[in-house]
Amino acid sequence: MKTAVRPLVLALALLSLFSLLLLSSKSTPFSSSRSSLSLIAAAACLKVFVADLPRALNHGILDEYWSLSGPDSRIGVDPDAALRPVVAAASSGRKPYPENPLIKQYSAEYWLLADLETRDRGSVAERVYDLDAADVVFVPFFATLSAEMELGWGRKGGFLKKDEGNGDYRRQREVVNRIRASEAWRRSGGRDHVFVLTDPVAMWHVRNDIAPAILLVVDFGGWYKTDSKASGNTSGRIQHTQVSLLKDVIVPYTHLLPSLQLSENRHRHILLYFKGAKHRHRGGLVREKIWDILVNEPGVVVEEGFPNATGREQSIKGMRSSEFCLHPAGDTPTSCRLFDAIFSLCIPVIVSDEIELPFEGMVDYSDFSVFVPVSKALQPKWLVTYLRNISKQQKDIFRSNMARVQPMFEYENAGPNSTGSTPLGSAVNHIWRKIYHKVPMIKEAMMREKRKPEGVSRPLRCHCT
């Protein structure tokens, strides 16, 4: 009798443990307590080896940026002009990332490296110095800053040229040559390497060389055309040969507007607000059509926006005075505007059929956002009628949920310029968790490649819907 009972007891114990894990995995940012986040951090410790690159390819690029003179040619002014003498006078410590909004919105590369370089921190990632102990290899190249310096201070159209006059191209080639020649790359074929490519043109000339790696991107908008052309695909389905949700991670933009707390929320007299460029390319052509439909609607404000101090103050006032903030596709499916809306407690209205969003699976965007198909948004009167019919109770729920998820998209509470350790709920830690979830698949791919007979090739099967 005892021998019959023991397997039953063991089975019940295993079932209870499985149920507990299942419940933990279903917790959301709205229900997670500090203790449950601590359990997640303890269980999901990503071991990160930092690739050996010279300082000139990360903090050295920052040094070069802060020594620049003259305006950013794209906007005719230098948003960091007042900060340059202050930064130059600082004798020690890391230089800050630029405040120039065209650059700051892509600052994930800075905060992730800062997290790995900070000893006293509450990070999900642990830096290791033994390659054999690592889950992934982080490539500490400031690819976005490198690209943005060429775009803003280089020759017009120079970032497209593969020559010595393109400083960004030189740096891209140096990074690829160093990384692909390393023992770490040879061991994994690059599958366990992590590159931060938040700018749509980051690593523009060498993307094929790093395609097997884990790419941290804000969306896949800058990759679709390349993928479709490379695959010879003539159907409507994109066959990703370089990017995929299977291996890559969507990360948030850095918000540019200050955070508004729920207790600070006041009456909002504008129904729908949008500030930005009317004319865009590719998928952003729909923006111009929506603009023309909405521009004369009562209770709707749509206006051209510029990345300067005046435009920033106008955006703060507009978003904080509006119930809803429009988020149509631009040159890429998403933009920094979405995260500015979240931090302004302005309910996002997302009109972008091909959008990919950060941390899905950890957060449900439908809890605080309105998703509208492009086909509906292009029908006159449809969008404003739909929004006016959303009840005050539902809007309050949206706004309350939005306030709870704000910390998930905050970078600046991590790294050298913050106080204390990295909060478990920060953007940096959520990115590390997303990478951690991919580790088993990476190791499986490496083992399958290792046992493959010499001379045998397999077709690319990196498809994701």
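The structure described here is a predicted model, in which local features need pLDDT of at least 70 and side-chain atom pairs count only at pLDDT 80 or more, while totals for chains, interfaces and linings use all residues. Residues are numbered from 1 along each chain as its sequence is written, and side-chain values use heavy atoms, with hydrogens and water left out.

The secondary structure of the protein comprises 18 helices and 11 strands. These elements are DSSP runs numbered from the N terminus, with helices (H or I) of at least four residues and strands (E) of at least two. Of the 465 residues in the protein, 49% are buried; buried denotes a relative accessible area under 20%, exposed one over 50%, and partly exposed the range in between, for a 1.4 Å probe and protein chains only. Contact is defined by heavy atoms within 4.5 Å. Among contacts between residues at least 6 apart in sequence, 71% join residues at least 24 apart.

Two strands are taken to pair if DSSP finds at least two bridges between them. Strand β4 (residues 193-196) runs parallel to β5 and is joined to β5 by 3 bridges, and valine 196 stands opposite leucine 216 in β5. Strand β5 is in turn joined by 2 bridges to β6 (residues 249-250), again in parallel; here the bridge partner of leucine 216 is valine 249. Strand β5 (residues 214-217) is covered on both faces, with Ile214 and Leu216 buried on one side and Leu215 and Val217 buried on the other.

A further open sheet is formed by 5 strands in the order β8-β7-β9-β10-β11, and the pairing is parallel. Its edges are held by β8 (300-303) and β11 (370-371), each with a single partner strand, so one side of each is left without a neighbour in the sheet. Strand β7 (residues 270-275) pairs with β8 in the parallel sense over 4 bridges, and lysine 275 is placed opposite glutamate 303 in β8. Helix α17 (residues 392-405) packs on this sheet and touches β9 (322-328), β10 (347-351) and β11; the direction of α17 makes about 95 degrees with that of β10. For such angles, axes are lines fitted to C-alpha atoms, for helices over the stretch in contact, and values run from 0 to 180 degrees between N-to-C directions.

The packing of α7 with α8 (residues 167-180) has an angle of about 155 degrees, with the axes 8 Å apart, which makes α7 roughly antiparallel to α8. Ala143, Ser146, Ala147 and Glu150 in α7 meet Gly167, Asp168 and Arg171 in α8, and the contact has 2 nonpolar, 2 polar and 3 charged residues.

The loop between α7 and α8 contains asparagine 166, which is buried at a relative accessible area of 0%. Not counting residues up to four places away in sequence, asparagine 166 touches Glu150, Arg155, Gly158, Phe159, Leu160, Lys161 and His205. Serine 107 lies in the loop between α5 (101-104) and α6 (108-117) and counts as buried at 2% relative accessibility. With neighbours within four places in sequence left aside, serine 107 is in contact with Tyr97 and Thr254.

Technical notes. Angles under 35 degrees count as roughly parallel, over 145 as roughly antiparallel, 65 to 115 as roughly perpendicular and the rest as oblique. Ala, Val, Leu, Ile, Met, Phe, Trp, Tyr, Cys and Pro count as nonpolar, Asp, Glu, Lys and Arg as charged, and the others, Gly among them, as polar.
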